[in-house]
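Hi there,

Here is the structure I promised to pass on to you. Have a look at it first, and my notes follow just below.

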Amino acid sequence: MDAQITILPGDGIGPEVASAGKDVMMAVQNLFGHNFTFENKYIGGSAIDKFNNPLPNDTKDSCKDSAAVILGAVGGPKWDDPNANIRPEQGLLGLRELLGVFANIRPVKIFPSLTKTSPLKEDRLNNVDLIVIRELTGGIYFGEKTRNENKSSDLCVYHDYEIKRIIRIAADIAKKRKCKLCSVDKANVLETSRFWRDITKNTISAEYPEIIIEHILVDAAAMYLINRPSDFDVIVTENMFGDILTDEASMLTGSLGMLPSASLSDTSVGLYEPIHGSAPDIAGKGIANPCGMIGSIAMLLRHSLNLNEEANIVEKAMHDVIESGARTQDIAHNDDKILNTKEMTQLIIDKIN
Ligand code: IPM
Ligand code: MN
């Protein structure tokens, strides 16, 4: 297969994990005889430094012309002035909007040998296997923002069509699993959440009679993720709740560095990024965990290129390498030998081969 891929390394550890992702793509290409071409483009803080724009037109054009986009991370202390009106995150949010990737899929899978790395008691982690579907292009992230000396506001807006389409994505995924869907909102306080709940109920009862739907308030969901995480299967929620709950859920796996994500639209170009940020404290040291990125590569192969066998091989290789005891610093324990980003990536590539 021929495919054009845009790589947006971004900031902090972004370039280090993006390069791991590219190496894995090349390994898959060589093994299966595909022909992937890669274009590296600027986004976020590094694009602000070079072009004074977190999402240059050249980056936009390349992404729109690609089969898929790989993103490292954006942001960092250098661009953190709260009063600056150009910020790295605008690059990522602008890209999500440009590509229309409204469905952010964040699977939370436990690697059995990592349960002792999780801050949770090991027995809580038995049978945890959940997916969070986060609405990604609406809500408070994208509503109108205002500010003067005395007052500021962020508007949270949801249209019915935005809720329906994300619920359909979540229900389709739930159908292939346990037919259980948990919708998270704050319907006791927010009008957008009451609307979300009504649209969700109606969509499920009209179109997915086989799905058992449960509605949970976000504060309770945050608690249940810790005290009974194995009760969840597919969670669907709005943009900001999904952002917060997935960082929380990553702790079940032991490290934020383990979680992959895919951001999909109704049409074609998918955006693939680990859920972790730019981790400025370890940037440039070559020690970041590449697993969130490599899991995202597997999702890219599956969702954007329809290469299921390749995706399964990447996931299996990563699983076997982790289960054999290979550890980056974030998932290491006591006397574990600590691998750097390149060594961990190479072990996974050797396994793929
Ligand atoms: C994420 C990140 C982004 C978000 C930031 C960098 C804008 O935290 O992908 O979860 O809030 O969506
Ligand atoms: Mn986040």
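**Around the ligand**

A polar side-chain atom of R134 sits 2.8 Å from an oxygen atom of ligand 1. Please keep in mind that this is a predicted model. In R96, an N or O atom of the side chain is 2.7 Å from an oxygen atom of ligand 1. For Y141, the separation between a side-chain N or O atom and an oxygen atom of the ligand is 2.5 Å.

**Helix α1 and its partners**

Next, the helix packing. Helix α1 covers residues 14-32, and helix α11 covers residues 341-352. Their axes are 10 Å apart and the packing angle is about 15°. Angles under 35 degrees count as roughly parallel, so α1 and α11 fall into that class. The crossing of α1 past α11 is right-handed. On the α1 side, the contact involves E16, A20, D23, V24, A27 and L31, and these meet T341, T345, I349 and I352 of α11. Sorted by class, the residues of this contact are 6 nonpolar, 2 polar and 2 charged.

Helix α1 also packs against helix α9, which spans residues 291-303. Here the angle is about 45°, with 9 Å between the axes. That angle makes α1 oblique to α9. As α1 passes α9, the crossing is right-handed. From α1, the residues taking part are V17, A18, G21, V24, M25 and V28, while α9 brings in M293, I294, I297, L300 and L301. This contact divides into 10 nonpolar residues, 1 polar and no charged.

**Helices α7 and α8**

The last pair is helix α7 (residues 218-227) with helix α8 (residues 239-253). They pack at an angle of about 10°, and their axes are 10 Å apart. The two helices are therefore roughly parallel to each other. V218, A221, A222, L225 and I226 of α7 make the contact together with F241, L245, E248, A249 and L252 of α8. By class, that gives 9 nonpolar residues, no polar ones and 1 charged.

Best wishes

Conventions
Residues are numbered from 1 along each chain as its sequence is written. Chains are lettered from A and ligands numbered from 1 in the order in which they are written. This is a predicted model: local features need pLDDT of at least 70, side-chain atom pairs count only at pLDDT 80 or more; totals for chains, interfaces and linings use all residues. Side-chain values use heavy atoms; hydrogens and water are left out. Axes are lines fitted to C-alpha atoms, for helices over the stretch in contact, and angles run from 0 to 180 degrees between N-to-C directions. Helices (H or I, at least four residues) and strands (E, at least two) are DSSP runs, numbered from the N terminus. Angles under 35 degrees count as roughly parallel, over 145 as roughly antiparallel, 65 to 115 as roughly perpendicular and the rest as oblique. A crossing is left-handed if the near helix is turned anticlockwise from the far one by less than a right angle, and right-handed if clockwise. Contact means heavy atoms within 4.5 Å. Ala, Val, Leu, Ile, Met, Phe, Trp, Tyr, Cys and Pro count as nonpolar, Asp, Glu, Lys and Arg as charged, and the others, Gly among them, as polar. A polar contact is a pair of N or O atoms within 3.5 Å; within protein, one must be able to donate a hydrogen and the other to accept it, and residues adjacent in sequence count only if both atoms are side-chain atoms.
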